[in-house]
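Welcome to a set of exercises on reading a protein model. Look at the structure first, then work through each task and its solution.

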Amino acid sequence: MAGAGTAAEPEPDALTIGRQVRFLRTRQGMKLEELAAAIGRAPSQVSALENGKREPKFSQLQALARALGASVDDLLDPTPPSQRDALEIELDRVQRGPLFAALGLDGVRIGKSLQDDALRTILGLNRELERLHAERALTPEEARRANAELRAEMRAADNYIPELERVARELLDDVGHTGGPLPQRIAAEIAENLGFTLHYVPDLPHSTRSVIDNRNHRLYLPAGGPRGRSNTRSAMLQALASHILGHTEPHDYGEFLRQRVEANYLAAALLVPEKSGVRFLRDAKDSKTIAIEDLRDAFAVSFETAAHRFTNLATKHLGIPVHFMKVHESGILHKAYENDGVSFPADPLGAVEGQHVCRKWTARVVFGVEDKFNPYAQYTDTPSGTYWCTSRVENTSDGAFSVSVGVPFAHVKWFAGRETSARDQSRCPDESCCRRPPSELAEKWADYAWPSARPHASMLAAMPAGAFPGVETREVYAFLERHAPA
């Protein structure tokens, strides 16, 4: 990662390589067909390469360099060969980006007939749109942007964070836990080793899951019987995780979100340790019976925690690309992760949270299934490929949510439930798939319907003010004063 104030060096990509090839070819007066013949490729292949639609292999770069009387370094130079090329490359990237896709714009054909002033006008309008988005600080736009950026980072890492796996392993070694479910007693020992005493109270602030008192080294959790305390393991470990990782008051939504992801990851890595979790999943893969509910039962965690943990380990250790979704019964996507090519609904910023999921996807079909006890599995044909997905509905105080894990068709052979006959076809984001009403209903009701929407608070409200978004600080401080030892 570049140091503060250091500009990252531009990297060559298919677009800049293609423009360098075209620039060198035209400078030598060479026709497209002549270059194609010189490197033993079809003219259409060279055209696709020059337009940035195909990235050449190194052997092809060498052949191109020889044919053009240049070096491979010349072709890999990330600097556009001319100002016109720079404009065309920028417009090409803009038109492939999420803003154009979300607006439903087809874009313009980039060629000699497109004047420089037209290029600058289009790019200027795009920059102004991006500027307006960037200036909306402390708004839902900032939250969506931060979500999109963090999701991209997690995708690049295959949702696996080795540093947090190491921390979890050291904590478990300190208390002598070698694998299997993490008992409440062992979780309490972790807290004790960190210098905290546990206090179960009936008046925990309603906006919190737990509260740490660093002055008196106390950790407050919701009161309850043995079953209630068992259900506080996750909240306890998440609170301890923030302490272990040295989290401080977040300065913006991006930092707040990153801290939550890290705390959730570390807590899950303690509940489902990497070594024993991978061993369990590899055995299941060998027998072609991977099932999220089996992972849940083996480690005594919730289905959602098991699903999260599977996405942490699946690609790194099993070689399986995967996607995860948590969807509200209203159809709104609350959490998502993917590295398997599935195309989530997205806004112009590339964020998926808050978007409506296709009604034909497993994550929404499951709400209408009669058997609520067992996970529901389905194949879904989508524009980006066929995916198999397993999903389960969990009830919360905020309503019902489906938690889903899916994989591309090529990897379903490793999973229990692959024999399901349930199958559907999704054409989303094509509105005719599940959003546009049938023509007869639209004709009958278009001029007479006026529904009153029930918007989610996140659609309208800015990010809650304060050091810890969503937490009422005054209530927390009053709680700590009330419970502080004399």
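Residues 24 or more positions apart account for 62% of the contacts in the protein with a separation of 6 or more, where contact means heavy atoms within 4.5 Å. This is a predicted model, so to speak of local features pLDDT of at least 70 is needed, and side-chain atom pairs count only at pLDDT 80 or more, while totals for chains, interfaces and linings use all residues. Residues are numbered from 1 along each chain as its sequence is written, and side-chain values use heavy atoms, with hydrogens and water left out.

**Exercise 1.** Find how many helices and strands the protein has, and what share of its residues is buried.

*Solution.* 
- Step 1: The secondary structure consists of 21 helices and 9 strands. Helices (H or I, at least four residues) and strands (E, at least two) are DSSP runs, numbered from the N terminus.
- Step 2: Of the 486 residues in the protein, 44% are buried. Buried means under 20% relative accessible area, exposed over 50%, and partly exposed in between (1.4 Å probe, protein chains only).

**Exercise 2.** Describe how the rings of Y220 and F479 are arranged, and say which parts of the chain they join.

*Solution.* 
- Step 1: Start with the rule. Rings of Phe, Tyr and Trp (its six-membered ring) pair if their centres lie within 6.5 Å; planes under 30 degrees apart count as stacked, over 60 as edge-to-face and the rest as tilted. The whole structure holds 6 aromatic pairs by this search.
- Step 2: For Y220 and F479, the ring centres are 4.9 Å apart and the planes stand at 80°, so this pair is edge-to-face.
- Step 3: Y220 belongs to strand β3 (residues 218-222) and F479 to helix α21 (residues 473-483), so the pair ties together parts 259 residues apart in sequence.
- Step 4: Y220 has 1% relative accessibility and therefore counts as buried. F479, at 0%, counts as buried too.

**Exercise 3.** Which rings have the charged residues K285 and K326 over them?

*Solution.* 
- Step 1: A charge sits over a ring if NZ of Lys or CZ of Arg is within 6 Å of the ring centre and within 35 degrees of the ring normal.
- Step 2: K285 lies over the face of W414, 4.7 Å from the ring centre.
- Step 3: The charged end of K326 is over the ring of F401, at 4.8 Å from its centre.

**Exercise 4.** Describe the largest cavity: its volume, its lining and the classes of its residues.

*Solution.* 
- Step 1: On a 1 Å grid over the protein atoms alone, a cavity is a set of points where a 1.4 Å probe fits but cannot get out, and a pocket is an open set with protein on both sides within 12 Å along at least five of seven lines; lining residues have an atom within 4 Å of a point. Grid points are joined across faces, edges and corners, and a volume is the space filled by probe spheres set on the points.
- Step 2: The count is 3 cavities of 30 Å³ or more, and the largest has a volume of about 90 Å³.
- Step 3: Its lining includes H323, M325, Y387, W388 and C389. Strand β7 gives the most, with 3 residues.
- Step 4: The lining of the largest cavity has 7 nonpolar, 4 polar and no charged residues. Ala, Val, Leu, Ile, Met, Phe, Trp, Tyr, Cys and Pro count as nonpolar, Asp, Glu, Lys and Arg as charged, and the others, Gly among them, as polar.
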